[in-house]
There are 2 protein chains.
Amino acid sequence: MQITRETDYAIRCVLYLTSRTDRVVMVDEISREMAAPKSFLAKILQKLVKADIARSFRGVKGGFQLSREPRDITLLDVIEAVEGSIALNACVLDRTACGFSSTCAVHPIWIGLRAEFNELLKKHNFADIAGTKPSSDREP
Amino acid sequence: MQITRETDYAIRCVLYLTSRTDRVVMVDEISREMAAPKSFLAKILQKLVKADIARSFRGVKGGFQLSREPRDITLLDVIEAVEGSIALNACVLDRTACGFSSTCAVHPIWIGLRAEFNELLKKHNFADIAGTKPSSDREP
DNA sequence: TAAAATAGGAGAATATATATCTTATTTTCA
DNA sequence: TGAAAATAAGATATATATTCTCCTATTTTA
C-alpha cells in the first residue's frame, strides 16, 4: 500500500531537475543532493527517460534534463514511469491473477477506486509541487 | 502500491461472513470457499477480531462471526485492521523515516493524498459491496 | 475426558525491493 | 586521435517483507 523507495527517489529526482531546468545535471549531483544511491538512481533515470520525463546526454558534459515542462509532469506520470500501471489489487490489471474476479463483488470497486485514485495523482504537477512552501504541517 | 494478498484474503473473508451473518462459521469453511490457506486465514481472522470487525468462539461449535453490521464495516476498516494505518509514503506516518520531510515540498502532498484516499475507502461498506452485482465490466 | 475448535508464538519458504558491479557505448576536448 | 568523463544495460548480490506452516496452549461441547 505504499510507493516504493525507488518511486520516492524518482519523485525527488524530478523535483530536483525541476529546480535546475537551466542546465544538464549529472547523476552524481542528484545522488548527492537527494541522498539516493548513485547507481540505483541511474537505473531510475533510465526509466524516466523511457517515459519521456527526462532526456539524457552521454559523454563528458553529459547528464540529465527534464524533457517536458514541470507543469506537464504529474505525480501519476512519475509513479507509472517507475512502477508501471498502478492499481490497488493485481486483479484490476490482470484478471487471470484471481480466479474469482468474474463473480467477485469487490472487483468493480477496485476498478472504480483505481480511476478515482489516478485522478487524484494527476492533479499534482511538478510546477505546483516545486512552488509549494516547505510544510508547516505538524502531524505526525 | 498494492494491497497485500493478506489484505485481499481479509476482504474476501469479511465478504463471506457478510453472506453468513446468521451463524458462526469455521476457518475451514472460509478457507475452502475463499481459496485462502487455512492457517494464514486464522491469523488474519485474529486481526479482524482485534479490530472488532469479527468475534470468535472457541471450542467445538466455535468459529467466527461479524461483530458489527456489514453496513458499519468499511474497506478502510478492513485494510487498516490488517496493514495498520496506511499512507502512500512512510514519512507520512513517521517523520523520522526521512530526513528531508521538514523541508520537502512533496511531504504536504502525501499528507493530503492520504486523507483523500482514506475518504474514498471509507465510502465503501460491506452491505453495499455484498449487494453489488457480479461485475459485468469488461476491462481487462 | 476426549474431541474439536480458536490463540499465539516461532520460524521456514518465497517473493520483492534495494542496491551494486561490470562492461559497453557515447561524447568532449586537449 | 586518444584519454577521460559521462550514461546504458545486463547480471547479480543483499536485504527486507510477504506468505505460509507448524507446534503447543487454551477453550468449549457433549
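This is a predicted model: local features need pLDDT of at least 70, side-chain atom pairs count only at pLDDT 80 or more; totals for chains, interfaces and linings use all residues.
Local features require pLDDT of at least 70 and side-chain atom pairs pLDDT 80 or more, whereas totals for chains, interfaces and linings use all residues. Residues are numbered from 1 along each chain as its sequence is written, chains are lettered from A in the order in which they are written, and side-chain values use heavy atoms, with hydrogens and water left out.

The secondary structure of chain A comprises seven helices and two strands, taken as DSSP runs (helices H or I, at least four residues; strands E, at least two) numbered from the N terminus. From that terminus the elements follow the order α-α-α-β-β-α-α-α-α, and the C-alpha trace spans about 55 × 40 × 25 Å along its principal axes.

In chain A, the axes of helix H1 (residues 5-18) and helix H2 (residues 27-34) come within 10 Å and cross at roughly 110°, the axes being lines fitted to C-alpha atoms over the stretch in contact, with angles running from 0 to 180 degrees between N-to-C directions. H1(A) is therefore roughly perpendicular to H2(A), a term covering angles of 65 to 115 degrees. Contact (heavy atoms within 4.5 Å) joins A:Arg12, A:Cys13, A:Tyr16 and A:Leu17 of H1(A) to A:Glu29, A:Ile30, A:Glu33 and A:Met34 of H2(A).

Between the chains, 47 residues of chain B are in contact with 47 residues of chain A. The buried area (accessible area, 1.4 Å probe, lost on being put together and summed over both parts) is about 4,200 Å², of which carbon and sulfur atoms give 68%.

Definitions and conventions:
Angles under 35 degrees count as roughly parallel, over 145 as roughly antiparallel, 65 to 115 as roughly perpendicular and the rest as oblique. Buried area is the accessible area (1.4 Å probe) that two parts lose on being put together, summed over both.
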